[in-house]
Amino acid sequence: ISVHNSASTTVSTAKIQSDFLDEVIRGLSASPKFLSSKYFYDELGDNLFQYIMNCEEYYPYRCELEIFQQHAPEIVAQITKSSAAIDLIELGPGDCSKSIYLLKQLTQDQVKFTYLPIDISTNVITFIEKNLPQAIPGINVQGLNGDYFDMLEKLSAHSGNKKVILFMGSNLGNMSPVDAIDFCRRLRRILAPGDQLILGMDLKKEPKEILAAYNDKGGLTKAFNLNLLKRINRELGADFQIGSFTHFPSYDPITGACRSYLISMDDQIVNIEGLEIGFKKHEAIYMEISQKYNAGEIDELAEISGFIPERKFHDSRSWFTDAIWVAV
Ligand code: AVJ
C-alpha cells in the first residue's frame, strides 16, 4: 500500500510498519529496555496529545502560543531583513494554531512567501491544505508529506529562495542532547548561509513545574505512554497486559532531562511476532525524553551546529523560548 500526494511523494506504509516492528524488537531486546516516543502519535495518541496540550499542568503549548501572539511583528522583522521571497518551512506543523500568527503577520506585512509544512502524517497535510487558505485567503501553501530530511532535500534541489525553517513545540527536546546536535547539523547542511531557523524550546525552570507537566493529575500523560503498548498490541499483534505497567515520570534539574518510564509491576512475558520478551518485576522501559535547556545551552547548540544565535523571544514568565538562528 502506498500513499500518493500533491508533492508526488510516495510513503510506503508497509515499510513504515516493518521499521516500527524492527525498532520495537530492538528496543525491548536491549538492556535497559526502551521504546521511541516518535511512535506515540497514532490516531489515539494524537488525540491524547491534544488533551495534554489543554490540561492545566502542561504549560509549554500555552507559553509558545503566547510568544507567537505577542511577538509576531518582531519575528517577521527578524526574518525579512532582506526583501527576497521566503520559503517558510515548518517541521511538524500540527494544526498551525501557533504558526498561524506568524503567517497572518507575514501576509499583513505583504511579504512574499510560500508556506511549506512537512509532516509524516497525510492527515496533517490534507487538513492544512484545506483549512489554511480559508483562514488566510490568498496564502501560498504547499504541503509535503514525508520524512523531514527527505522533503527538505527535495526542496533545496528546486528553490533558490531564502529558507526559514520553523521547528517549534520543543520537539527537539524529544531527542537526547547528542542527537539534537546531529539533527541541527543536518539541518544546517541543507541550508545556505543567511537562511534561518526558528527553534521553540522549553526552558529549565522550577523542577516541580516541569515534573507536574509530565505527571498530570488526570492521568493523560500516563495514558499517552501506555497507548504505545496498546498500539504495539494492535498493530504488531503483541499481548502486553496494559494494567501490569505503571507510569514513572522523572526530572533531573542538573542535566535538564525529563524522562518517562513504564515499569513492569510483575515478572512477566510478552509475545511479539513469535518472540518472547521477559520482564522482571520493577523493570523499566525508557519511553521518552523531553530535554530542558537554558538560554546559554541553546546558544551553544547553535554554535556547535553551524549557526549564529540572533534573537530569542520568550513568554511573560520566561518558561519557554523561540530562538532565531542564522546559518553561517
Ligand atoms: C511533543 C515535545 C511537545 O515533550 O513536551 C507531552 C510531548 N510528552 N507530554 C513534550 C509530550 C508528554 C511533547 N512535545
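**Reading the fold, term by term**

Student: What makes the radius of gyration of this protein agree with a compact globule?
Tutor: The rule, applied to C-alpha atoms, is 2.2 Å times the number of residues to the power 0.38. For 328 residues a compact globule would come near 20 Å, and the protein has 20 Å, which agrees. Do keep in mind that this is a predicted model, where local features need pLDDT of at least 70, side-chain atom pairs count only at pLDDT 80 or more, and totals for chains, interfaces and linings use all residues. Residues are numbered from 1 along each chain as its sequence is written.

Student: How many helices and strands are there, and how do you know?
Tutor: There are ten helices and 15 strands. Each is a DSSP run numbered from the N terminus, a helix (H or I) having at least four residues and a strand (E) at least two.

Student: What makes E6 and E14 edge strands?
Tutor: Strands count as paired if DSSP finds at least two bridges between them. The open, mixed sheet has seven strands in the order E6-E5-E4-E7-E8-E15-E14. E6 (144-145) and E14 (307-314) each have a single partner strand, so one side of each has no neighbour in the sheet.

Student: How do you know that E8 and E15 pair, and in which sense?
Tutor: Seven bridges join E8 (residues 196-202) to E15 (residues 320-327), in the antiparallel sense. Among the bridge partners are Asp 202 and, in E15, Phe 320. By contrast, E4 and E5 run parallel and share six bridges, with Ile 89 opposite Leu 116 in E5.

Student: Why is E4 called mostly covered?
Tutor: A residue is buried if 20 or more other C-beta atoms, placed from the backbone, lie within 10 Å of its own, exposed if 12 or fewer, and partly exposed in between. Six of the six residues of E4 are buried. Ile 86, Leu 88 and Glu 90 point one way, while Asp 87, Ile 89 and Leu 91 point the other way. In the protein overall, 38% of the 328 residues count as buried.

Student: Which residues of helix H4 are buried, and what covers them?
Tutor: In H4 (residues 99-108) they are Ser 99, Tyr 101, Leu 102, Leu 103 and Leu 106. Their cover, judged by contact (C-beta atoms placed from the backbone and within 7 Å), includes helix H3 (60-79) and the strands E4, E5 and E7.

Terms used: Contact = placed C-beta atoms within 7 Å.
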